[in-house]
Amino acid sequence: MSRFTVIDLPLAGLKLVERQNHGDSRGFLSRMFCADELGAAGWLKPIAQINLTMTAKKGAIRGMHFQHPPHAEMKLVSCVRGAVLDVAVDLRAGSPTFLKSHAQELSAENRRALLIPEGFAHGFQALTTDCELLYLHSMPYIAGSEGALHAQDPALGIAWPLEIAEMSERDQKHPYLTDQFAGLTP
């Protein structure tokens, strides 16, 4: 019996993972990760790091973060409290969806997750207060390999649904596409 439904999304390799709840009068069990089942969806490496974030303010944005090769990472992102608009941007040069984005609502209620392959930037906007996201990473964080895009870059075409209430000073300083991918933008 599968604990997940995995759905291919418009960007190659990006997957929506729907967790199946199994419960009774006491409550439920929802599997967060299974190497065997998610291996078929493309997660082939061990989990190197697990992070939990809390974003207090509705409308706050975090992102758009990634790691450069050889430290590029897969992420499995789940919202365990509240709701977010989770966004992935394809940064794989040569990909037919290079610099395209996909947005997906993740919430504690819908129990969905995004399986984000290597070569994607990731960020989100909190749709409620006190959002908590659980991240599983295939690689540890390496400060010297960190990269980012500016979440408000018009070239990304991300339609953030709420007025931006807050961004970190660091995220506000992330470069625009023209600064990083000159000559490669569509």
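The second largest pocket is lined by 15 residues, and those nearest its centre are Phe66, Gln67, Leu91, Gly119 and Phe120. Here a pocket is an open set of points on a 1 Å grid over the protein atoms alone, where a 1.4 Å probe fits, with protein on both sides within 12 Å along at least five of seven lines; lining residues have an atom within 4 Å of a point. Two or more lining residues of the second largest pocket come from each of E6 and E11, and E6 gives the largest share, three residues. These elements are DSSP runs numbered from the N terminus, with helices (H or I) of at least four residues and strands (E) of at least two.

The model is predicted; local features need pLDDT of at least 70 and side-chain atom pairs count only at pLDDT 80 or more, whereas totals for chains, interfaces and linings use all residues. Residues are numbered from 1 along each chain as its sequence is written, and side-chain values use heavy atoms, with hydrogens and water left out.

The second largest pocket holds about 160 Å³ of space, a volume being the space filled by probe spheres set on the points, which are joined across faces, edges and corners.

The largest pocket has a volume of about 480 Å³. Its lining comprises 27 residues, with Thr53, Arg62, His65, Tyr135 and Arg170 closest to the centre. At least two lining residues of the largest pocket are supplied by each of strands E5 (49-55), E6 (61-67), E11 (120-126) and E12 (131-137) and by helix H2 (169-172). E6 contributes six residues, the largest share of this lining.
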